[in-house]
Amino acid sequence: MLTTTQNETVSGVKDHRLHCPGVLARLQACHDDIRKRLDVLEAVGHDLLASGRFTRRHLASMCDAFAFLDVVVPLHTADEEETLFPELCLRERRTSRPSRALAIARSEHAGHGVLDLRLKIAVLRREAKAAGRLAVDLAREYRDHLCHEEQSLFPWAAEVLTDPELLAEMEKEMRERWRDCGMDVPGMR
Ligand SMILES: [Fe+2]
Ligand SMILES: [Fe+2]
């Protein structure tokens, strides 16, 4: 049976990995990978705000971060929206659990797309200050989103998704989604 841990990581984020193998471990591993790129994006953003001009180094770092995030974030979001959330919705109806956490996660997924697009337009136009501000905002908002999921949705999922067959099926679905794009689902490397 899956259980959540209350272990705190150095950053203060709850760590559910130790007792949540499979689906939640994959989602958590993906969060960890995304956080590393958000750190890069935020650092470039602060640099742009301070210097007020784009250099080749800024562009290279941003392109590298986008190359990763543009592939991994949509796949991760699909893992949540198409594999995890439908199962939580089913349990939500059965247990009358508040739907607020799911609604927030869904609206945040939509909101990040808008911010991401505005950032790329600012980069295309070489608007250093605007790109810097948007990069910092996007990194902060996405990090908040990851924390929200780890503190509300993942513990709930660990509590209610306990059927080994269902979990195996969900994990297979996620693996196939990533494999179709030539990628390994995080946590399986
Ligand atoms: Fe998400
Ligand atoms: Fe997530």
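Visitor: Where is leucine 69 found?

Guide: Leucine 69 is found in helix H2. Keep in mind that this is a predicted model.

Visitor: Is leucine 69 buried or exposed?

Guide: Leucine 69 counts as buried, because 21 C-beta neighbours lie inside 10 Å and the cut-off for buried is 20 or more.

Visitor: Which residues is leucine 69 in contact with, leaving aside its neighbours within four places in sequence?

Guide: Ile34 and Arg37 are in contact with leucine 69. Aspartate 33 is 36 residues from leucine 69 in sequence, and their C-alpha atoms are 9.4 Å apart in space.

Visitor: Okay, the whole chain now. What order do the elements run in?

Guide: From the N terminus on, the order is β-β-α-α-α-α-α. That is 2 strands and 5 helices in the protein chain.

Visitor: And how many residues does the largest nonpolar core have?

Guide: The largest nonpolar core has 37 residues. Leu41, Leu119, Ala131, Ala135, Leu138 and Ala157 have the most contacts inside it.

Visitor: Which helices supply this core?

Guide: H1, H2, H3, H4 and H5 each supply at least two residues. H4 gives the most, with 12 residues.

Visitor: Back to leucine 119. What does leucine 119 touch?

Guide: Not counting residues up to four places away in sequence, leucine 119 touches Ala131, Leu134, Ala135 and Leu138.

Visitor: What share of the protein chain is buried?

Guide: Buried residues make up 29% of the 189 residues. As for contacts between residues at least 6 apart in sequence, 71% join residues at least 24 apart.

Visitor: Switching to H5. Which residues of H5 are buried?

Guide: They are Met170, Glu171, Met174 and Trp178. Down the axis of H5, the buried residues fall within an arc of 95°, so they line one face of the helix.

Visitor: Why would residues spaced out along a helix point the same way?

Guide: An α-helix has 3.6 residues a turn, so residues three or four places apart point the same way.

Visitor: What does the face of H5 turned away from the buried side carry?

Guide: That face carries exposed residues, including Glu165, Lys172 and Arg179. H5 itself has 17 residues and reaches 24 Å from its first C-alpha to its last, close to the 24 Å expected.

Visitor: What about H1, how many residues does H1 have?

Guide: H1 has 29 residues and reaches 42 Å from first C-alpha to last, close to the 42 Å expected at 1.5 Å a residue. Just after H1, glycine 52 takes a positive phi of about 75°.

Visitor: Which residue other than glycine has a positive phi?

Guide: Arginine 126 has one, with phi near 55°. Most residues other than glycine have a negative phi. Arginine 126 lies in the loop between H3 and H4. Arginine 126 is exposed, because 12 other C-beta atoms lie within 10 Å and the cut-off for exposed is 12 or fewer.

Visitor: Last topic, confidence. What does pLDDT average over the protein chain?

Guide: The average is 86, and 85% of the residues score at least 70. Among the elements, helix H1 has the highest mean pLDDT (96) and strand E1 the lowest (44).

Visitor: Where does pLDDT stay under 50?

Guide: Over residues 1–13, for which the model has 25 contacts beyond four places in sequence.

Notes
Residues numbered from 1 in each chain as written. Chains lettered and ligands numbered in written order. Predicted model: local features only at pLDDT ≥ 70, side-chain atom pairs only at ≥ 80, totals over all residues. Helix = DSSP H or I, 4+ residues; strand = E, 2+ residues; numbered from the N terminus. Expected span 1.5 Å × (residues − 1). Arc of directions from axis to C-beta. Contact = placed C-beta atoms within 7 Å. pLDDT = per-residue confidence, 0-100. Core = buried A, V, L, I, M, F, W, Y, C linked by C-beta atoms within 7 Å.
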